[in-house]
Amino acid sequence: SLVELLALQLCLMDTLDVDDVVPEFTLPASANLVRPPASLPSAAVVKLFVTKAPRSYLMPWVVQKETNITGSGFVIAGELIMTNAHVVEDATVVEVKKQDMPKKYRAHVVCIGHDVDLALVKIADARFWTNPTPLMPVKWGSPDALVELYSEVRAVGYPTGGSTICVSKGVVSRLDAQVYVHPRRKGVASSTLNSPGRLPIIQIDAAINPGNSGGPTFDLANSVIGVASSGMPKAQNVGYIIPAKIALLFLNEYLQTGSWAGISETGVETMMLENDAMREYLKMGERTGVRIVSVAPMGTAREKIKTGDILIEVDGLKVSNENTVPVALSDQKVDLDFCVLVTQRPKGEATTVKVLRDGEEIEEQLVFAPIPPLAKRFDRYDCSPRYLLVGGFVFSVMSLPLFTEFCELRREERRVNVTQTTYHTAVKQWKEKEDEEVVIVLRMLKHSVNLGYNCSTTRVLKRFNREPVLSLLHLDAAVTAALDGPDGKPTVEFLTFGFDDDPEEFDSLVLKAADLRSADAELCKNHRIAQSKRLGDD
């Protein structure tokens, strides 16, 4: 090595007289000199100060208490700052500070993608970008290649434990496919039909601590190879970063459309085929693959894939009996869930799939896209707290923010029980029509019109006045027609409500129509509720 050659030369010099000729040392042409990397572009890494005020879904007319957090971000082309979605979610105020200046600048979120845990922030004040020197955007790594295992990385950000910028060094430990931590904390479970699918994620052994979130991770060439996302507090040296490929997928869609529609989804439910008898029964021979259990009615796969088909190849890669495909990483291969071939693909690009149907191999081209879930996933993204007050009963829509809020409450703080039955009704089924929702009775505000009823648990509403309920808007229209006739009086004597646990010909909730409008007005006044219903997403 160069060091050894120089040391040998110094030793020889110590043994030679002044008049001796010192031999020249020349490096062989094949010597591999590794130059030290240029200084990190840390000036592009900024600190975010965020004030949050989440909205309540259990009491959908209430905004919860404010909290303050800090996170990291980095400057990208187009005078934008990229950070994590979980840093700026529910933000009421966002401020950004540069490394070398104490001043904070007001910012606002222009795009957020909870499924990829990424967000874009913009600052209107031109002084942020030019004073005292122009801010230079980071350089991205290759968008077409995933990182190499064991390669050295450096995570940069503003973690807890200090106020200045921090750099931690490590190596790429693993490439995996997961539903990211942020959507998992928001209630997205990979085992349900509500999950949009797994995405590639990079595990590193550099520290990713609270406050690091949203900061860049650089390789030795000072190119961004990922965005710091999460750590594992109970494990040592386990951090996760979102690959640059996914960050650029999110960024490019925003630059082209002004928004993020979500990752593309396969829209198929599969069953592993590890059992020899099952594969023999299906006449698979030496083939491997997984069986299609169901297909999303609103997904693109419904046109060309059928229940019972066996998925054997995706983009020329053989699907294993365990639901995986081999993905090349330099000179190595890792087995990842086959859906990553779809979820990491830009919108509009076709995917080639091959299925085995009745002993015949059939190849199809599919352009996958996001699929609307039956239970909406993210507040301020695809859903809002919505409710309808009828005789003191609060009707709402089952969503992941509602279930997550319930799960986060301590047992003694829970005033209503959101049942597993209610949750599974919404996440274990595909959405079949655009306006379809799981309408639930959420709670009851006690009044003389509803005395004698108990509403301590959520229930799924199936019928109103003997007619099926399709959505909260549909229920509101039916209630309005029943209570507000042409003469301002009810058109029926009673309102009846049938739930999923009621027998077909039995409605367990009946209210007298004549007294309901005045009762709801009185309840709104007593509970300081601005209005008796809020039906739109905002």
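Two strands pair if DSSP finds at least two bridges between them. Strands (E, at least two residues) and helices (H or I, at least four) are DSSP runs, numbered from the N terminus. In β6, L120 is the bridge partner of M82. This is a predicted model: local features need pLDDT of at least 70, side-chain atom pairs count only at pLDDT 80 or more, and totals for chains, interfaces and linings use all residues. Residues are numbered from 1 along each chain as its sequence is written, and side-chain values use heavy atoms, without hydrogens and water.

**Barrel**
- Six strands form a closed barrel in the order β1-β2-β3-β6-β5-β4, with antiparallel pairing.
- Neighbouring strands of this sheet are turned by 40 degrees against each other on average, direction ignored.
- Strands β3 (residues 80-83) and β6 (residues 118-122) pair in the antiparallel sense over 3 bridges.
- Helix α5 (residues 244-257) packs on the sheet and touches β2 (67-76), β3, β5 (104-113) and β6; contact means heavy atoms within 4.5 Å.
- The direction of α5 makes about 50 degrees with that of β6; axes are lines fitted to C-alpha atoms, for helices over the stretch in contact, and angles run from 0 to 180 degrees between N-to-C directions.

**Helix α9**
- T422, Y423, T425, A426 and V427 are buried in α9 (residues 420-427); buried means under 20% relative accessible area with a 1.4 Å probe, protein chains only.
- These buried residues pack against α8 (400-408), β24 (439-444) and β25 (459-464).

**Whole chain**
- The chain has 11 helices and 29 strands.
- Its C-alpha trace spans about 120 × 65 × 40 Å along the principal axes.
- Of the 538 residues, 50% are buried.
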